[in-house]
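Subject: Structure handover

Hello,

Here is the structure we talked about. Please open it alongside this email and follow along.

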Amino acid sequence: MVETTIEPLDKTINDLRVSPAQHLHGDFIDAGVAGARGVRVREEQFLTMVGLRVPIGSPDRDRLAPVLGTELPARCGEVAIGHDVAVLWLSPDEYLVISQSVGGSTLVSYLRAGAAAGDSAVLDLSANRTTIRLEGPSARAVLEKGCPLDLHPRAFSPGTAVATSIGRVPVLLWKVENESYRILPRASYADFLGRWLIDAMAEFKVISTGSIHRVSTSSMHRLGSG
C-alpha cells in the first residue's frame, strides 16, 4: 500500500486513551490456562478499522487494489491480506479494512485518494469496535459454548471472517490461525463479552489444575468412610 506510517500522536493524548476492555486486562491474565487444554484471552488495543463501500462494477475496485496491496475479497467470509492491512468481506459492496501499523486518518486519506470515481465511501470506524484475541488449544471449545456457527476446521478455516454472535453479542469473528481467533464486538459490548469469555474459560482452568480429580477422590474417601 501505502507506505507504513505510524501517525504521530500527541503523547499526552495517547496516554489518556482507554480501550473498551482495558479494565478487564488483569482478569484476562488470571483467566488464562496453560497446557494441552490451554486457552488465553487478551484485548488488542486500538487497531485501525476503516469502513469501505465500493459499488459492484465501480472502477474504484481496480484503482484500490494497488493502494491496498490486494484485490478486494470476492465472497462471504473471505479475508484479503495486503500490505499492512487485512480486508474483511462484509457484504458484496462493503468491507472492513484493518491495520495494526497504519493510523486511521492516514489510511482513510490513502483510500479516498485511490477511490477516485466518487461513488465509494471511506470512513474511519476505529472507535466503533475493539478486538479481543482468543488463542490456545481450547479456544474453539470456548467459542462453541455460545456461537451458533459450525466452527469445525472443515467449515471454518483460517483466513475466514464472518458476522455472527457469541454469547448473544453480535460480533465479527475472524479465524486468524488454527488456534487463534480475533473477535470484534462493538465497543459497548466489550465488557459483557469479555466477562462471558472469562466464564466460558473457567472449565479449562479446573481441568488443567486437576481440581475435578481431587474433588472426585476426596468424595470417594468420604463415601468409603461412611
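A residue is called buried when its relative accessible area is under 20%, exposed when it is over 50%, and partly exposed in between. Please keep in mind that this is a predicted model.

**Helix α4**

By that cut-off, helix α4 (residues 104–114) has these buried residues: Gly104, Thr106, Leu107, Val108, Leu111 and Gly114. They pack against four elements: β2, α3 (60–68), β5 and β6 (121–124).

Take Thr106, which lies in this helix. Its relative accessible area is 14%, so Thr106 is buried, because the cut-off is under 20%. Thr106 and Asp124 are 18 residues apart along the chain. Their C-alpha atoms are separated by 9.9 Å.

**Helix α3 and what follows**

Which residues of α3 are buried? They are Asp60, Arg61, Leu64, Ala65, Val67 and Leu68. Their cover includes β2, β4, β5 and α4.

Just after α3 comes Gly69, with a positive phi of about 85°. Then look at Thr70, in the loop between α3 and β3 (79–81). Is Thr70 buried or exposed? Thr70 is buried, because its relative accessible area is 15% and the limit is under 20%. Leaving out residues up to four places away in sequence, Thr70 touches Ala65, Ala80, Ile81, Gly82 and Val87. One of these, Ala65, is itself among the buried residues of α3.

Phe46 has a positive phi, near 60°, and is not a glycine. Phe46 sits in the loop between β1 (40–44) and β2. At 35% relative accessibility, Phe46 counts as partly exposed.

Asp84 is also a non-glycine residue with a positive phi, here about 70°. Its place is the loop between β3 and β4. The relative accessible area of Asp84 is 30%, so Asp84 is partly exposed.

**The second largest pocket**

This pocket holds about 290 Å³ of space. It is lined by 19 residues, and the closest to its centre are Leu90, Glu94, Arg129, Ala163 and Leu172.

What kinds of residue make up the lining? There are 13 nonpolar, three polar and three charged residues. Five strands each supply at least two of the lining residues: β2 (48–53), β4 (86–91), β5 (94–99), β8 (160–166) and β9 (169–177). The lining also draws on both domain 1 (18–44 + 130–204) and domain 2 (46–128), with at least three residues from each.

Two of the strands that supply the lining, β2 and β5, are also among the elements that the buried residues of α4 pack against. The cover of the buried α3 residues includes β2, β4 and β5 as well.

**Ser165 in strand β8**

Ser165 is found in strand β8, one of the strands that supply the pocket lining. At 21% relative accessibility, Ser165 counts as partly exposed, because buried means under 20%. Ser165 and Pro185 are 20 residues apart along the chain, and their C-alpha atoms are separated by 9.0 Å. Setting aside neighbours within four places in sequence, Ser165 is in contact with Gly146, Cys147, Pro148, Pro170 and Val171.

**The protein as a whole**

The protein has seven helices and ten strands. Of its 226 residues, 43% are buried. Among contacts with a separation of 6 or more, 62% join residues 24 or more positions apart.

The mean pLDDT of the protein is 89, and 85% of its residues reach 70 or more. Two stretches need care. Over residues 2–6 the pLDDT is below 50, and this stretch has twelve contacts in the model beyond near neighbours in sequence. Over residues 212–226 the pLDDT is also below 50, with three contacts in the model beyond near neighbours in sequence. Where pLDDT is low, the predicted coordinates should not be read in detail.

Best wishes

How values were computed:
Residues numbered from 1 in each chain as written. Predicted model: local features only at pLDDT ≥ 70, side-chain atom pairs only at ≥ 80, totals over all residues. Heavy atoms only, no water. 1 Å grid on protein atoms, 1.4 Å probe; cavity = no way out; pocket = protein on both sides within 12 Å on 5 of 7 lines; lining within 4 Å. Points joined across faces, edges and corners; volume = space filled by probe spheres on them. Nonpolar A, V, L, I, M, F, W, Y, C, P; charged D, E, K, R; others polar. Domains from an automatic or database assignment. Buried < 20%, exposed > 50% of the residue type's maximum accessible area, 1.4 Å probe, protein only. Contact = heavy atoms within 4.5 Å. pLDDT = per-residue confidence, 0-100.
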